[in-house]
2 protein chains.
Amino acid sequence: MRLSQTFSRTIKTIPADEQAINAQLLIRSGMIYKEMAGVYAYLPLGLRVIENIKNIVRQEMECLGSSELLMTTIQNKEVWELSGRWDDQLVDVWFKSQLKNGTEVGFGWSHEEPLMILMSKYIKSYRDLPISVYQFQTKLRNEFRAKSGIMRGREFLMKDMYAFSRSQQELDMFYDQAKQAYHKVFERVGLGPYTYLTYASGGSFTQFSHEFQTVTKSGEDIIYVDKKKHLAVNEEVYNDQVLRQLDLKKNELEKLKASEVGNIFNFGKTKAEQMDVYFTDKSGHRQPVYLSSYGIGISRLMGVIAEHFNDSKGLIWPEAIAPALVYLIAIGNQKEAELSLELYNLLTAQKVAVIYDDRDVRPGEKFADADLIGIPWRVVVNSKTVTSGKYEIKSRSLDKPDYVDKESLVNQMSRIVSRLAIKS
Amino acid sequence: MRLSQTFSRTIKTIPADEQAINAQLLIRSGMIYKEMAGVYAYLPLGLRVIENIKNIVRQEMECLGSSELLMTTIQNKEVWELSGRWDDQLVDVWFKSQLKNGTEVGFGWSHEEPLMILMSKYIKSYRDLPISVYQFQTKLRNEFRAKSGIMRGREFLMKDMYAFSRSQQELDMFYDQAKQAYHKVFERVGLGPYTYLTYASGGSFTQFSHEFQTVTKSGEDIIYVDKKKHLAVNEEVYNDQVLRQLDLKKNELEKLKASEVGNIFNFGKTKAEQMDVYFTDKSGHRQPVYLSSYGIGISRLMGVIAEHFNDSKGLIWPEAIAPALVYLIAIGNQKEAELSLELYNLLTAQKVAVIYDDRDVRPGEKFADADLIGIPWRVVVNSKTVTSGKYEIKSRSLDKPDYVDKESLVNQMSRIVSRLAIKS
């Protein structure tokens, strides 16, 4: 994209009303815009990050054989009354309103119940199972406080997947595959080394649920990490008995703050019994469906990555989710601009996403914006390029640039694109 | 996709609670699911249609140089009070609720006002203009009645674009380009011949706005069409004076029902004056920004297409937006299944989207579903294929099949994909 024609603006000052590092950086770099506390719009560069994360998650969910659908924001009171979760005492984050005829409606803070009812219309026989569906959907939650930027919003984007199985064994098999898919997702977005499979409370359904917790100072959760085993225990289930059960030793654990970027949940057959979702098995008997659910906070993930990868100059996006791979700056006159445009076209033809900063502003402002926006590679075309044919290329996370000719530059970047495109 | 592993189910009976053809067909074919009147979830095949339409619209908006962003569903009362449109007397489709602290919030039925305020934070100087942004966003509208399926929902998907210009002349230039882009969109989704640029009321801002109206029996609007000039006049501005002005003759016009699939609106500088959105011009003077807005009802478009392209057997999707290009059926045993899988892999490798119906059901059911779902091309592999090497291929809109060898079949389909991928 050519920056002169794109809507993208950086802001010099730190927003006074934001405490969270992610919100400060994302607002300053022009990725998001605050509509109100916990409610953010995604500006073009930020939306690209969101779409890049979604595409990685989508690929991994498709590998699991899951089908994408899209539930609704407006929800039925009756559907939620089946599980008792319409009650504001039980679920304290509902936004509710009513239709013209007085019918009460809710706005989707979760889609578990409506999805169960939807699937119950289509699942009749064992032949219809196992089946899995997922969606990317905006969730609306009436949080009392919202101070963590896009790490805990009143409006946020989530991927939620649901698997319907015929037995506990079939459920467990999918559950394990999904666990591996989740590891791949966090690896691919750049958080692999900092993200731990974490034993957490299973509520009334099972002893444990599994969370994926990314270690970060701004996290709202406390976890106990065994770095060697790359496992963790959430504070909420941390006790001697659980440690014995998981074969973990107290003195090998580190107490750390973390943010829950994913969770997976095994409902067994309880939820289906509650909501009346049954299928007919091979011998003609009516059986409850086994349910498991799998969440990833897409916008929270973006926030955690922003908290994790930054320095005093701004953001440092991992290549796989950066709004662009290359930030291209021309310094000089006509000749330099021509070489830049040529390079821009060459890279774009190789499917390398490039931000070409062709704005009529000082070079210093372009350098500062390249760093603040956090594009992985910065390429400069200047008078030396004209005379020597060498282009200055610098990684956002290194201090010193390299000088390479056009062909190697294009090859290097296009190799990165190919590597990132490889599906798991 | 292999149907045995995909969540997709057709329904035999016509839903009793749906009057609209589009809803009946889309529910029966497993494209959508009714959550409540005017509120529909999109099942996997239906979501593919939506994404295909979005991609065509996105390409055309990007060609206009517009940048995609994403506004919020939860909206500020204060922002809407600036234009007076928070008032339920003025806007009777608001869903409203409140935060825990009692602050009233609205749910986005439109994004004009919040977008104006957002842009006002970034637009300072003439150097920041012209600029254009667009989004795909779910709109929530508390409609009194909702009987037209996805043609008028309480929850629906819209593309809305906004252009910010420095002068009426600059606005008019973009407006004309956008008009052409809109024609291309409707042409590409298959509605070109039935969609008319229509003169409609410009409200308090300008004499006319422009609608794009698709002729359809279930339309809610009345338009007067000049088929030769491919132009129309909305009933709301139809009078002798307007006809004279537009050089149209009463006896050359046909009165028809139509559905508004797009509209474009020229606000001039009025909206900016109302909402206090100004820029500094070259000579340092403060000037109001010129605004124009451009909507396309994405889910309505899907509904209109469903109303337009169907027969007694089901839907007939235009190739450009069909959930898949090919519906593949194997009849027979092991050998036929092997040839089908081979063909499936060959087509998929050429980026041809295929629904391979590998379910364990009677052939008759597969044929019926292929027709009901409305996939443009049906391919059958049977015993004759094994002996002669010929594959049966039939267009959804023709009665007689052709018999072709594997190579021509793959070539024919992959040529269609290439043709559809060509950007305007």
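This is a short tour of a predicted model, to be followed in a viewer.

**Before starting**

Residues are numbered from 1 along each chain as its sequence is written, while chains are lettered from A and ligands numbered from 1 in the order in which they are written. Because the model is predicted, local features need pLDDT of at least 70 and side-chain atom pairs count only at pLDDT 80 or more, whereas totals for chains, interfaces and linings use all residues.

**Stop 1: chain A**

The mean for chain A is 96, and 100% of its residues reach 70 or more. For the complex, the predictor gives an ipTM of 0.96 and a pTM of 0.97.

Switch to a cartoon view: chain A has 12 helices and 23 strands. These are DSSP runs numbered from the N terminus, with helices being H or I of at least four residues and strands E of at least two. Along its principal axes, the C-alpha trace of chain A spans about 80 × 60 × 45 Å. Of the 424 residues of chain A, 48% count as buried (20 or more other C-beta atoms within 10 Å of the residue's own, with C-beta atoms placed from the backbone).

**Stop 2: where the chains meet**

Show both chains. In total, 43 residues of chain B are in contact with 43 residues of chain A (C-beta atoms, placed from the backbone, within 7 Å). Elements giving two or more residues to this side of chain B include strand 1 (32-36), helix 2 (44-63), helix 4 (112-122) and strand 7 (131-140) of chain B. Of the interface residues of chain B, 98% are also interface residues in chain A, so the copies meet through the same surface.

**Stop 3: the axis**

A rotation of 180 degrees with 0.0 Å of shift along its axis superposes chain B on chain A, with an RMSD of 0.0 Å. That is the relation of a two-fold axis. The superposition is by least squares on the C-alpha atoms of residues with pLDDT of at least 70 in both copies. Select S97(B): of the residues of chain B, S97(B) comes closest to the rotation axis, at 2.9 Å (C-alpha).

**Stop 4: A232(B)**

Now select A232(B), in strand 12 (residues 231-234) of chain B. Is A232(B) buried or exposed? A232(B) is buried, with 28 other C-beta atoms within 10 Å. Not counting residues up to four places away in sequence, A232(B) touches several residues, among them Y196(B), Q213(B) and V225(B). Last, draw a C-alpha to C-alpha distance from A232(B) to L248(B): they are 16 residues apart in sequence and 9.2 Å apart in space.

Note on methods:
Contact = placed C-beta atoms within 7 Å. Buried ≥ 20, exposed ≤ 12 C-beta atoms within 10 Å, placed from the backbone. pLDDT = per-residue confidence, 0-100.
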